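Student: Could we go through this one together? I'd like to know what stands behind each label.

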Amino acid sequence: MSAFDLIAGVLLVASALAAVTLKNAVHAGLALVGNFLVLAMVYFALEAQFLGWIQIIVYAGAVMVLFLFVIMLLYDAKADVGVDRLRWMRPVGAALAAVFFLALAYAFSGVGPVNPLADVKLAGGLPGPLGKLLYGLWLYIVLLIAVLLFVATVSAVVLVQPQTRKARVKPQVSERDRELEEVGK
Amino acid sequence: MSYYLLLSALLFAIGLYGVLSRRTAILIFMSIELMLNAANLALVAFARGSGNLEGQAMALVVIALAAAEVAVGLGIIVAVFRARSSTSVDDLAELRG
């Protein structure tokens with residue numbers, strides 16, 4: 001384990017803890033951006049260069065900017081909202097998370113290097129070899145992702161649409177209504 | 001290599017704690033992003049350990065899925081905020097099972 005691994009691990013855990021405990025939502029979002037950037041560095045170290053750049057562009061760039069936009073749009077920059085109805089949820093959540101971590105660690109404990117004799121053929125995780133895989137064996141999955149992103153875009157636009165206005169009443173109709181009302185009097 | 005697997009398990013547990021303890025919908029969403037990233041770290045570590053690029057391709061799929069999820073999720077949050085002027089999940093308790 002190199003010094004890089006240690007520093008990256010400490011930074012990852014610290015920024016993740018900050019992201020789930022900070023009271024100000026903007027601060028939590030910025031901690032999450034830091035977490036994503038350190039994670040991109042870890043990807044570079046693990047021979048996943050394309051994925052590292054995608055992590056920076058898509059996650060630290062697009063997704064987190066969207067989050068910060070929504071936080072600021074809704075004036076929702078605080079984590080404390082009213083009375084806590086489930087006061088016991090915090091320690092129970094911490095205990096559940098600890099149990100889950102132990103279970104995952106136990107599951108991972110049996111995983112070693114799968115074939116240590118074969119030399120690693122990741123080619124640095126560059127777009128070339130990755131693209132050959134994505135546009136070959138994984139082509140239908142890529143197409144399905146395209147459909148998913150399309151549907152998500154359409155649904156997001158529909159969800160945030162302002163209330164649809166009522167159909168405008170024709171002037172002749174409103175005139176007739178007014179006349180009928182006068183006759184009724 | 002199991003160091004990064006342990007790290008990803010720890011990050012996932014932290015995200016789980018965030019989902020269970022946060023009470024604002026946006027912050028719960030952020031914790032979900034943390035969990036997705038932990039899964040991605042595990043996938044990349046597996047790819048590095050086995051010398052197989054498919055782990056990285058799967059991580060790319062997860063990133064695209066997270067982008068779609070964020071678009072729809074934030075749309076729902078904005079729509080709920082318009083109706084209720086609040087994003088606290090405690091205020092959305094009318095739908096009882």
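Tutor: A helix here is a DSSP run (H or I, at least four residues; strands are E, at least two), numbered from the N terminus. Keep in mind that this is a predicted model, where local features need pLDDT of at least 70 and side-chain atom pairs count only at pLDDT 80 or more, while totals for chains, interfaces and linings use all residues. Residues are numbered from 1 along each chain as its sequence is written, chains are lettered from A and ligands numbered from 1 in the order in which they are written, and side-chain values use heavy atoms, leaving out hydrogens and water.

Student: Why is the contact of E182(A) with R178(A) called a salt bridge?

Tutor: The rule wants a side-chain nitrogen of Lys or Arg within 4 Å of a carboxyl oxygen of Asp or Glu. The closest N and O atoms of this pair are 3.5 Å apart, so the label applies.

Student: What makes E175(A), R178(A) and E182(A) one network?

Tutor: Shared partners: their salt bridges join them up. R178(A) also meets E175(A), at 3.2 Å from N to O, and those two lie three residues apart in helix α7 (residues 171-184) of chain A.

Student: Which salt bridge crosses between chain A and chain B?

Tutor: E47(A) with R48(B), with the closest N and O atoms 3.5 Å apart. E47(A) is partly exposed at 23% relative accessibility, and R48(B) is partly exposed with a relative accessible area of 23%.

Student: How many residues does the contact take from each chain?

Tutor: Chain A gives 83 residues and chain B gives 72, with contact meaning heavy atoms within 4.5 Å.

Student: What makes up the area buried between chain A and chain B?

Tutor: It's about 6,800 Å², and carbon and sulfur atoms give 76% of that. Buried area is the accessible area (1.4 Å probe) that two parts lose on being put together, summed over both. On the chain A side, V20(A), L46(A) and F67(A) lose the most area to chain B, together 10% of what that side buries.

Conventions
Buried means under 20% relative accessible area, exposed over 50%, partly exposed in between (1.4 Å probe, protein chains only).
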